[in-house]
Amino acid sequence: MSSTTATTNGRARRGEMRTALTTLAELHEATIDGPYDSSCATGFSPLDDVLSGGLRPGEVLLVGGKPGVGKTIACLQWARNMARQGVVAIYLCYEHDPVTLLARLLACELGEVARAAGRQRDLGLEELQGRLRDVAAGVLTLREALDSDPMLEEAERQFVAYADRLVLFQGSGARTNVPSIGDALSRYTGEPVVLFVDYVQKVPVVPETALESERVSRVIESLKELALEQNIGVVAVAAADQDGLTARRLHLHHFRGSTALAYEADGVVVLNEKLAVV
């Protein structure tokens, strides 16, 4: 993903009409600073293989699963890997505050540090992860946690290397709708961006509606429009419906508002207990 010139390389804005000859002429005049539609890898090889390299600008990737299956940590790991590649990864979360997300990201780095040191099976690793949870809970300061073990200090050093490209965005169920999201993203115009929305059923709509299927439909359609208009990738996390909570294995039709989600999404990842089905 990269920025393009002001001519938009022959690509009209959504809702704009132009003749084919005008589009052809603009393509002849256009220059490109880099590959226009290069994919942004998640860092998970099987998934990137299925996605032909990763997520592309204008695409919406849907991620769903039951509560506690690991949707947030999976998406945080993808965001972390993308930030390492130089992408601006914006993680919009309606359920967890930035401190909680930061502690989880540090735990990801801690896992890598432990593997590099051959300590991934060390029982003490669980204690160090517990200290990060204590930081998130407010019962231990970050400085106290970092000073307690060199591996935690190294985890922070690794995190700092890309932390300025990983934006933690706390959403409000009353105010953070798609137009406000678009306004917030405008400051990154010209940069490669992937937006994570955790999760889509929490995004408010105006005017409000009591029908969840209608609300989800409007949100996912608006996120698709946002992806196309701002030339960004979007990863949207979806919650399971009541039937999905009791299903032995989750499928797309178990997502709340599944009809609209299936229609607008360019790809779907379903997380079950032991594996991800793409």
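Two strands pair if DSSP finds at least two bridges between them. Helices (H or I, at least four residues) and strands (E, at least two) are DSSP runs, numbered from the N terminus.

## Basis of the model

This is a predicted model, in which local features need pLDDT of at least 70 and side-chain atom pairs count only at pLDDT 80 or more, while totals for chains, interfaces and linings use all residues. Residues are numbered from 1 along each chain as its sequence is written, and side-chain values use heavy atoms, with hydrogens and water left out.

## Strand E4 and its neighbours

Strand E4 covers residues 193-198. E4 pairs in the parallel sense with strand E2 (residues 88-93), over 6 bridges. In this pairing valine 88 stands opposite valine 193 in E4. E4 also runs parallel to strand E5 (residues 233-239), to which 5 bridges join it. Here leucine 195 stands opposite valine 234 in E5.

E4 is mostly covered, with 6 of its 6 residues buried; buried means under 20% relative accessible area, exposed means over 50%, and partly exposed lies in between (1.4 Å probe, protein chains only). In a regular strand the side chains alternate between the two faces of the sheet. In E4 both faces are covered: one side carries the buried residues Val193, Leu195 and Val197, and the other carries Val194, Phe196 and Asp198, also buried.

## The loop between E4 and H9

A cis peptide bond, with omega about 0°, joins aspartate 198 and tyrosine 199. Aspartate 198 is one of the buried residues of E4, whereas tyrosine 199 lies in the loop between E4 and H9.

Glutamine 201 is placed in the loop between E4 and H9. With a relative accessible area of 4%, glutamine 201 is buried. Not counting residues up to four places away in sequence, glutamine 201 touches Glu212, Arg215, Val216, Val237, Ala238, Ala239, Arg256 and Leu261, where contact means heavy atoms within 4.5 Å.

A search of the whole structure finds 13 salt bridges. A salt bridge is a side-chain nitrogen of Lys or Arg within 4 Å of a carboxyl oxygen of Asp or Glu. One of them joins the side chains of glutamate 214 and arginine 218, at 3.5 Å from N to O. These two residues are separated by about one helical turn, because they are 4 residues apart in helix H9 (residues 212-230). Glutamate 214 is partly exposed, with a relative accessible area of 37%; arginine 218 is also partly exposed, at 23%. Glutamate 214 is 46 residues from alanine 260 in sequence, and the two are 8.4 Å apart in space, C-alpha to C-alpha.

Lysine 224 and aspartate 266 form a salt bridge through their side chains, at 2.6 Å from N to O. This pair links distant parts of the chain, with lysine 224 in helix H9 and aspartate 266 in the loop between helix H11 (258-264) and strand E6 (267-271), 42 residues apart. Lysine 224 counts as buried at 13% relative accessibility, and aspartate 266 is partly exposed, with a relative accessible area of 45%.

## Other salt bridges

Salt bridges that share partners join Arg80, Arg84, Glu109 and Glu112 into one network. Elsewhere, the side chains of aspartate 164 and arginine 165 meet in a salt bridge of 3.5 Å, N to O. Aspartate 164 counts as exposed at 61% relative accessibility, whereas arginine 165 is partly exposed, with a relative accessible area of 23%.

## Backbone angles in two loops

Serine 52 is not a glycine, yet has a positive phi of about 55°. Serine 52 is placed in the loop between helix H2 (45-50) and strand E1 (60-65). At 52% relative accessibility, serine 52 counts as exposed.

Asparagine 231, which is not a glycine either, has a positive phi of about 55°. Asparagine 231 lies in the loop between H9 and E5.
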